[in-house]
Amino acid sequence: MNYTSTRDNSVKASAAYAIATGISPDGGLYVPESIPALTPDELMAAAKENYRDRAVRVLGKYLTDFTEEELHECVNGAYTGKFGGEDVAPVVDIANNRFVLELWHGPTCAFKDMALQLLPHLLTRSVKKTCDGKEIVILVATSGDTGKAALEGFRDVPGTRIIVFYPVEGVSAIQKRQMVTQEGENVGVCAIKGNFDDAQTGVKRIFTDAEIAAELDKHNMAFSSANSINWGRLAPQIVYYISAYADLMNKGVIRMGDKVNVVVPTGNFGNILAAYYAKKMGLPIGKLVCASNANNVLTDFLRTGVYDRNRQFHTTISPSMDILISSNLERLIYDLSGCDSKRVKGWMDSLAATGRYEVDEDVKARIGELFWAGCCDDASTQATIREVFESEGYLSDTHTAVALNVYEQYTKEFGADVPTIIASTASPYKFAPAVLGAVAADKISDDEFDMLSALNEVSGVAAPAPLAGLKGKKIRFERVCDGSKMKETVLDMLHIKES
């Protein structure tokens, strides 16, 4: 399996090289030259396996320069003893054909753990295969969850350093506390004055800056990414949709070949793109439902074919979705355009120059066949948290609630007769003020840890240990920089002076 760039089909790279470098030199994203098939027999076999074996089965189709033994080592290192039990990504029935895929039982209580516990294992092996001897510098832009998950995943991993940038006012109090108290000798964290898009744009600019790459090379270093622009982040996410389908077969909800719908709350489009790839592999997915918050640039694009980030940016109670530049959408339009890298480059150039692009009619038509999109504001998000908790006793976080709300919008038009997997992306305890505001507003206080206790009283479910344990941890990182100074900040944090 070789990989190419969404902006230049002449690029050829191995899986290991794509993972080690993170992004193509032309600024495009690495994509597999073809999507491998998952046969019905293989899916039936997967239903008899545990999550780790399912992961090896799926990843083996994409990471063909890794041996099966290497994949078992990586997967066992990622998913053994870190997710609260054997059921790494449990599927919970909350009635009315809704099945919540809980992706937040890992060490940072967010779905990013599903990939970022595995990526360090894949990356270190990829570096040995492609650029042995260099120290890898992981650069991350985060809207909240990726940062902590990446920091935890790469903490003290030999041969790596990691620097995370987050918007100073754009993450929850718990998300910020998770990052600024991060332990590890190879980690660094910096807030930026701006939003997530500013952080993401700055990181991408650094990745394609020849001068800073040359400076790193002098010090035997090279950049890579832990954001979902890195194929090593995205491939592991395909696994959990296939695993969820297998679990529904085991529960007797569906039989082999029955279709399910999938609903995903997303801002950067990586999580739902993984479901798209699973569908293209042969997983019987009917409709892919994309759920957005008030930053509804994806909703508008999937409905009209026009991507326009020239709009008001909203800071919401679902901050991990507060994004107006959805990087992974580039991989989708590449695939739907018939892998036409020239068209994709034109659209991306237009986005960079004007903040807008419009795909051609053939791509629009294909999007309409595959996707349905909706959005909801903060008030509707909190109303959904309250309604589902009162009716089903299920407490969701603010991002999962966006998905539940948009799914209800979908059922009003198409009905609820198809079993539906709803991706749950974070523990409600990560967003305690907003969740309490929905179910027990009188218990909101100025102390984030008091609110964890209050949420425990209301729900009867204990706060996850990784979050409760943040109380009293020493704050290590208080640095703030302008978005325009990220390059200089990276060099300073690496103790490199520009020549």
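Cavities and a helix pair in a predicted model

Two helices, α11 (231-250) and α12 (270-281), each supply at least two residues to the lining of the largest cavity. The model that shows this is a predicted one. The largest cavity holds about 230 Å³ of space. Its lining is made up of 23 residues, and those closest to the centre of the cavity are Phe 111, Lys 112, Gly 267, Asn 268 and Ser 320. Sorted by class, the lining of the largest cavity has 14 polar, 7 nonpolar and 2 charged residues.

In total there are 3 cavities of 30 Å³ or more. The second largest cavity contains about 50 Å³ of space. Ala 141, Gln 200, Val 203, Lys 204, Asn 227 and Ile 229 line this second largest cavity. Helix α9 (residues 196-207) gives the most to that lining, with 3 residues. By class, the lining of the second largest cavity has 3 nonpolar residues, 2 polar and 1 charged.

The next topic is the packing of two helices. Helix α19 (residues 432-439) packs against helix α20 (residues 448-459) at an angle of about 40°, and the two axes are 10 Å apart. The crossing of α19 and α20 is left-handed.

Which residues of α19 and α20 meet? From α19 come Ala 432, Pro 433, Val 435, Leu 436 and Val 439, and from α20 come Met 451, Leu 452, Ala 454, Leu 455 and Val 458. The contact of α19 with α20 has 10 nonpolar residues, with no polar and no charged ones.

Methods
Residues are numbered from 1 along each chain as its sequence is written. This is a predicted model: local features need pLDDT of at least 70, side-chain atom pairs count only at pLDDT 80 or more; totals for chains, interfaces and linings use all residues. Side-chain values use heavy atoms; hydrogens and water are left out. On a 1 Å grid over the protein atoms alone, a cavity is a set of points where a 1.4 Å probe fits but cannot get out, and a pocket is an open set with protein on both sides within 12 Å along at least five of seven lines; lining residues have an atom within 4 Å of a point. Grid points are joined across faces, edges and corners, and a volume is the space filled by probe spheres set on the points. Helices (H or I, at least four residues) and strands (E, at least two) are DSSP runs, numbered from the N terminus. Ala, Val, Leu, Ile, Met, Phe, Trp, Tyr, Cys and Pro count as nonpolar, Asp, Glu, Lys and Arg as charged, and the others, Gly among them, as polar. Axes are lines fitted to C-alpha atoms, for helices over the stretch in contact, and angles run from 0 to 180 degrees between N-to-C directions. A crossing is left-handed if the near helix is turned anticlockwise from the far one by less than a right angle, and right-handed if clockwise. Contact means heavy atoms within 4.5 Å.
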